Amino acid sequence: MAADHSSAPLRRAAAWAAGLLLAVPTAIIGCRLFGTDGVTPVPQLLALLPWLAVPAGLALLVALPARRPPQAVWAGAVLALTLWFTQPYGPDATPAEGPATGRLRVLAANVEFGEATGHLLATVRRERPDLLFVSECDPACARVLTGHFPYGAQVAAAGAAGSAIFGTLPLGAEPALPGTALGMPGATVRAGGKEVTLRLAHPMPPLPGHIGVWRHELGLLRDFAAAHRGRSVILAGDFNATQDHAAFRSVLGAGALHDAARLDGAARTGSWPRDAALPPYAQIDHVLVSADFSVRDARFLDVPRSDHRALLVDLDLRARP
């Protein structure tokens, strides 16, 4: 009895420590479970969701010797849900069938205010994409890339607001997505006997105080996807959102779209931030495709002087979705 009495303060301290470790993971997993992005700091922390398994696991290790069964169950549940949600979201294949009627190589890149334009050009020359989606492409960036691609559609603006779609195939004109702070140009391309609608995605990031704008602009992309449901679509760029954000999942659902990285088994490959001390931990750069595409390959590429990794995807356009 004396030994149990003397260890009681240690068990109480362990219980407090477990509770503190569980506070943030519980809140974030709760939001993920109920399909809401909440308010700051929830959207920012949702981008770190797989890493929440670390404090949840530590809490379980601390709760067990503390002899607090309810707390151990709590920690175990949070850990289990975190690991469950870390699994790739969505189906691992599209329903596309029949022979490939067309092939497209797509490259999506953010050049960080145009700073990485030269390095992106080197990547383009090496990888030879048919379509290039470029975020944060200012007029100087657009001039450089226009010299390499015969066709293009752009929103001409300085800094992060400039964006462009370039192609080796003729591009039809489509208006930029209205009501957005950053440029989201559109175009059409003829491939495999079909007209494919192209749209660059670049909503505002979920900065504190700007969550409403971020959610609104992802909502505009959701509306675009819904309006083009059943058509051939490629929606690509810097979404500033991961599979753990409800606003991003709503874009997929509204247009019956598929994330190319997920289809090639790279759903959790980080694309941002590339130039930080830690490796990229959040996949916020995506190429989304309609159900009549299949993915042969998806690779993330380092582009020096950009804080994002570029995403290169090889697509087959199939005869039947």
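**Figure 1. The whole chain.** Welcome to a predicted model, in which local features need pLDDT of at least 70, side-chain atom pairs count only at pLDDT 80 or more, and totals for chains, interfaces and linings use all residues. Residues are numbered from 1 along each chain as its sequence is written, and side-chain values use heavy atoms, with hydrogens and water left out. The chain has nine helices and 12 strands (DSSP runs numbered from the N terminus: H or I of at least four residues for helices, E of at least two for strands). Its C-alpha atoms fill a box of roughly 85 × 40 × 35 Å along the principal axes. Of the 321 residues, 54% are buried (under 20% relative accessible area, with exposed over 50% and partly exposed in between; 1.4 Å probe, protein chains only). Among contacts (heavy atoms within 4.5 Å) with a separation of 6 or more, 68% are between residues 24 or more positions apart.

Figure 2. Glu 127 belongs to helix α5, residues 117-127. Its relative accessibility is 10%, so Glu 127 counts as buried. Look for two polar contacts here (pairs of N or O atoms within 3.5 Å; within protein, one must be able to donate a hydrogen and the other to accept it, and residues adjacent in sequence count only if both atoms are side-chain atoms). The side chain of Glu 127 meets that of Arg 126 at 3.1 Å and that of Arg 299 at 3.2 Å. Leaving aside residues up to four places away in sequence, Glu 127 touches Arg 105, Arg 299, Leu 301 and Leu 312.

**Figure 3. The buried side of helix α6.** In this helix, residues 139-146, the buried residues are Cys 141, Ala 142 and Leu 145. They sit on the same side of α6 because they cover an arc of only 100 degrees around the axis (the arc of the directions from the helix axis to the C-beta atoms). An α-helix has 3.6 residues a turn, so residues three or four places apart point the same way. The cover over the buried residues of α6 includes α5, β2 (131-135), β3 (151-155) and β4 (163-167).

Figure 4. Helix α8, residues 246-255, is mostly covered, with eight of its 10 residues buried. Among them are Phe 248, Arg 249, Val 251 and Leu 252.
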